[in-house]
Amino acid sequence: MSVVQQTLSNTFNKFVDSEKTSGVLLMICTALSLVMANSPIGADYLGFWQRHAGGLSLEHWINDGLMAIFFLLIGLELEREFYSGELSQLKNALLPIFAAMGGLAAPALIHLLLNAGTPTQAGIGIPMATDIAFALAVLAILGNRIPASLKVFVVACAVIDDLGAIIIIAAFYTGHLSLWYLVGALVVLAVLIALNALRIMALTPYLLGGAVMWFLVFKSGVHATVAGVLLAFTIPFSAKDDDQTSPSYRLEHGLLKPVAFIILPLFALANTGVVMGAALTHSLTSANSLGITAGLLVGKPLGVTLLCGVAVASGLCRLPPDVNWRHVFGAGVLGGIGFTMSIFINNLAFAGNAETINASKMAILLASLTAGTAGFLWLHWFGNPGAAIGRNGHGRKRTPGVPGRQGGTTTR
C-alpha cells in the first residue's frame, strides 16, 4: 500500500511550538506557586491573588478575563482545524473524534460511579479535560522517538477535548441565568457574524464587539470564557497557510506568545497555590479525589483506546500507517494530564468551597504529573516510529522524511 505524505502547515507548527513552550512554563510556575504557598510568606502569597480591583479579585480577573483570551486562541485553532486542518475531512477526523469521545466519557463515568448522589458529583467534568500544552511539552521531549502522525493525533484529540470541555462549561456550570444579558450577547454575536458575511477584514470591529459580548456573557451567568470561543468563529478565516491578509491568521499569530508567556503562567501562579497539610493529604482518599485520579489515570487511556478500537474494528476509520496501538494507548495516557482545563472546571464545580477546591487541585496535580511521567516512559520505550503496525497487522518500516519534529511530514 502506497503512503502519501502530507506536510504539516506552518500555522499548525507555530501553534504546537507555542503550546510546548507554554507547557514548560506551566511546570515552572506550578512548582513556584506550590513552594510559595507552603513557605513562611504563604499567607501573603495566597492573599495577593484575592486582592480586589474593579469589583473582582485578581484571581477572578485572570480566570474570567484573561482566560477568555486563552479560549479565543483555542477557538481560532478549532476554526483552523475544522476548515482546513486535520478535522476538515471526515476520514481524518473520525479517529481523533472517537478518541476524544472515549476520553471524555470514561473518566466521567468513573467519577460518577464514585460520587453519584453526593455533593461532589458536580466534579464529574474535572477528569474529562486534557491539557494540550503539557501533552505537547512531553511529545517535544520525546522528539523523533514518536511518529509525526501521533503529534497530529494528540493535537486533534486535545482540540476536540477542549471543545467538549467548553460545551460542558456552558451547559452544566452556568450560575443564575439572566435572559436579557444573554439575549444581548446573542445580538452582538449576530452582528459579528454579519460583519463576517460582509467580509469586513479589519480586526478592530470584531475585537470591540468581542469585548462587549464578553461583558454581556459575564453578566448573563454563563461563564465569560465561552465568549472567547464564540468570537473566534465570527472572525474571517482563510484556508491558505500563512495568509497574512486573514484576520484569523493575524489574531492567532498575535496571541500565541501572550497566551504562552503571560496568560497561562499567571493562571498557574494564581490557581495552584495549594497548602499541603495533614488534612489535605487525608482528603486525597476522598471519593471526589479518587474519582479525579482514577478518571485521569485509568479512564483516559481506557476510553481513548477502547473507542478507537471499536471505530477501527467496525471499519469506520483506520490508524495512520506510522501509528500503532501502543501509540494510541500512550496518547491516552498523556490525555490524563488534566491540569489547566481540569483546574478551571474544578473552580466552577465547587465555587465557594475552598476546602474541596484545594483537595481537587492536589488530586489534579498529582494525577497530571503521574500521567505525564507514565506517558513519557511508555512512548519512550514503545514509541519508535519504525515499530508501527499497518492496517493489515504486518510490521511497516518507517517512511523516510517523516521525522517527529517541526516542519516534518505526516502520512495519510
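The second largest cavity holds about 40 Å³ of space, where a cavity is a set of points, on a 1 Å grid over the protein atoms alone, at which a 1.4 Å probe fits but cannot get out, and where a volume is the space filled by probe spheres set on the points. Eleven residues line this second largest cavity, and the closest to its centre are Phe70, Asp131, Ile132, Ala133 and Thr340; a lining residue is one that has an atom within 4 Å of a point. The model is predicted, so that local features need pLDDT of at least 70 and side-chain atom pairs count only at pLDDT 80 or more, while totals for chains, interfaces and linings use all residues. Residues are numbered from 1 along each chain as its sequence is written, and side-chain values use heavy atoms, with hydrogens and water left out.

Helix H1 (10-37), H5 and helix H14 (339-349) each give at least two residues to the lining of the second largest cavity, helices being DSSP runs (H or I, at least four residues) numbered from the N terminus. Helix H5 (residues 132-142) is largely enclosed by the rest of the structure, because nine of its eleven residues are buried, that is, under 20% relative accessible area with a 1.4 Å probe and protein chains only. Among these buried residues of H5 are Ile132, Ala133 and Leu139.

Across the whole structure, a search finds three cavities of 30 Å³ or more, and about 150 Å³ of space lies in the largest cavity. This largest cavity is lined by 16 residues, of which Thr130, Cys157, Ala158, Ala331 and Gly335 lie nearest its centre. H6 provides the largest share of that lining, five residues.

The largest nonpolar core has 104 residues, and those with the most contacts inside it include Met67, Phe70 and Leu139; such a core is a set of buried Ala, Val, Leu, Ile, Met, Phe, Trp, Tyr and Cys residues joined through side-chain atoms within 4.5 Å. The largest share of this core, eleven residues, comes from H6. Leaving out residues up to four places away in sequence, Met67 touches Ile62, Thr225, Ile263, Leu264, Phe267, Thr340 and Phe344, where contact means heavy atoms within 4.5 Å.

Definitions and conventions:
Buried means under 20% relative accessible area, exposed over 50%, partly exposed in between (1.4 Å probe, protein chains only). On a 1 Å grid over the protein atoms alone, a cavity is a set of points where a 1.4 Å probe fits but cannot get out, and a pocket is an open set with protein on both sides within 12 Å along at least five of seven lines; lining residues have an atom within 4 Å of a point.
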